[in-house]
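Let me put the structure up, and then I'll walk you through a few things I picked out.

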Amino acid sequence: MGSKIKLLVSDMIISFMWVCSSVLVKTLVSNVLGFGSDAKGEVVKCGMSILNMFFFAWLGYVTKGGAYNPLTVLSPVFSGDFSIFVFTVGARIPAQVIGSITGVRLMLDTFPEIGRGPRLNVDIHQGALTEGFLTFAIVFISLGLTVKLPGSFFMKTWISSVSKLTLHILGSDLTGGCMNPAAVMGWAYARGDHITKEHIFVYWLAPIEATLLAVWTFALIFRSQKEEKAKVKAGKSD
């Protein structure tokens with residue numbers, strides 16, 4: 001029980017820190033370092049974002065599983081124990097949402113000029129497809145890294161960070177390229193549109209369905225590869 005409470009606290013604090021860090025990185029690059037929105041400024045911002053993701057990957061490691069993204073904690077429980085699924089959906093994800101909402105509120109009070117977070121700039125169907133595709137891609141990549149690079153923290157984090165940043169840039173003009181329902185919920189709650197059809201379909205249902213599809217697809221492909229290897233070994237032994 002104590003470990004679960006620690007995990008919930010870790011989720012809430014890390015989610016709070018994540019939404020704050022995204023604002024602080026932009027503020028640091030533009031206001032402190034003085035870079036604009038030109039190519040040089042974008043390169044510096046991308047570099048800072050990757051360093052930021054390394055830091056949060058390290059936080060997840062030292063907290064033994066603390067996370068800021070509901071999709072990160074959902075992907076392994078879809079094929080796991082039902083009690084863990086209930087704990088994740090009923091406790092961990094709400095903790096992440098609360099942390100995100102609190103972080104956004106603090107940032108808006110501290111930096112009122114930062115804007116109002118990611119918004120849907122296309123119709124709801126295109127937005128859902130965009131977030132679904134981006135989520136499917138990053139979940140599939142993450143699962144592949146877990147299997148192919150089980151003990152390499154640096155390489156896994158590097159590939160995952162670059163992949164997330166690339167996918168974010170691809171979807172930024174359409175949906176914000178979020179791939180994180182809790183963080184989007186924090187900004188939507190601040191704007192007062194967190195219970196709209198667009199928010200629920202695009203930023204919650206589409207990513208969750210894409211996560212489930214990625215887990216099932218990966219399991220199907222990986223199982224097929226294992227069966228083929230087993231057949232090859234059996235053929236050699238004969």
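So, start with residues 201–222: that stretch is 100% helix and 0% strand, and its end C-alpha atoms sit 30 Å apart. Keep in mind that this is a predicted model. Why pick that stretch? UniProt, in an unreviewed entry, lists residues 201–222 as a "transmembrane region". The record gives that label to 12–36, 43–62 and 128–147 as well. For residues 128–147, the model again shows 100% helix and 0% strand, with 28 Å between the end C-alpha atoms.

Okay, next, helix packing. Two packed helices are described by the angle between their axes and the distance between the axes. Take helix H1, residues 2–32, and helix H4, residues 82–110: their axes come within 7 Å and cross at roughly 35 degrees. The crossing of H1 and H4 is right-handed. And what's in that contact? You get 15 nonpolar residues, 6 polar and 3 charged.

Side chains of opposite charge can pair when their charged atoms come close. Here, Asp 11 pairs with Arg 92, and the closest N and O atoms are 2.5 Å apart. Asp 11 is in helix H1 and Arg 92 is in helix H4, so to speak distant parts of the chain, 81 residues apart. The count for the model comes to 4 salt bridges.

Last thing, the surface. Which residues make up the nonpolar patch? They're Phe 55, Trp 58, Tyr 61, Val 62, Phe 153, Phe 154, Met 155 and Trp 158, and the patch covers about 850 Å². Helix H2, residues 39–62, and helix H6, residues 153–171, are the elements giving two or more residues to it. Met 155, for example, lies in helix H6.

That's my bit; over to you.

Technical notes
Residues numbered from 1 in each chain as written. Predicted model: local features only at pLDDT ≥ 70, side-chain atom pairs only at ≥ 80, totals over all residues. Heavy atoms only, no water. Axes fitted to C-alpha atoms, helices over the stretch in contact; angles between N-to-C directions. Helix = DSSP H or I, 4+ residues; strand = E, 2+ residues; numbered from the N terminus. Left-handed = near helix turned anticlockwise from the far one by under 90°. Nonpolar A, V, L, I, M, F, W, Y, C, P; charged D, E, K, R; others polar. UniProt positions renumbered as here; feature names shortened; annotations may be inferred. Patch = residues over 30% accessible without salt bridge, like charges linked within 9 Å, V, L, I, M, F, W, Y side chains within 5 Å. Areas by Shrake-Rupley, 256 points an atom, 1.4 Å probe, with all protein chains shown as cover. Salt bridge = Lys/Arg side-chain N within 4 Å of Asp/Glu carboxyl O.
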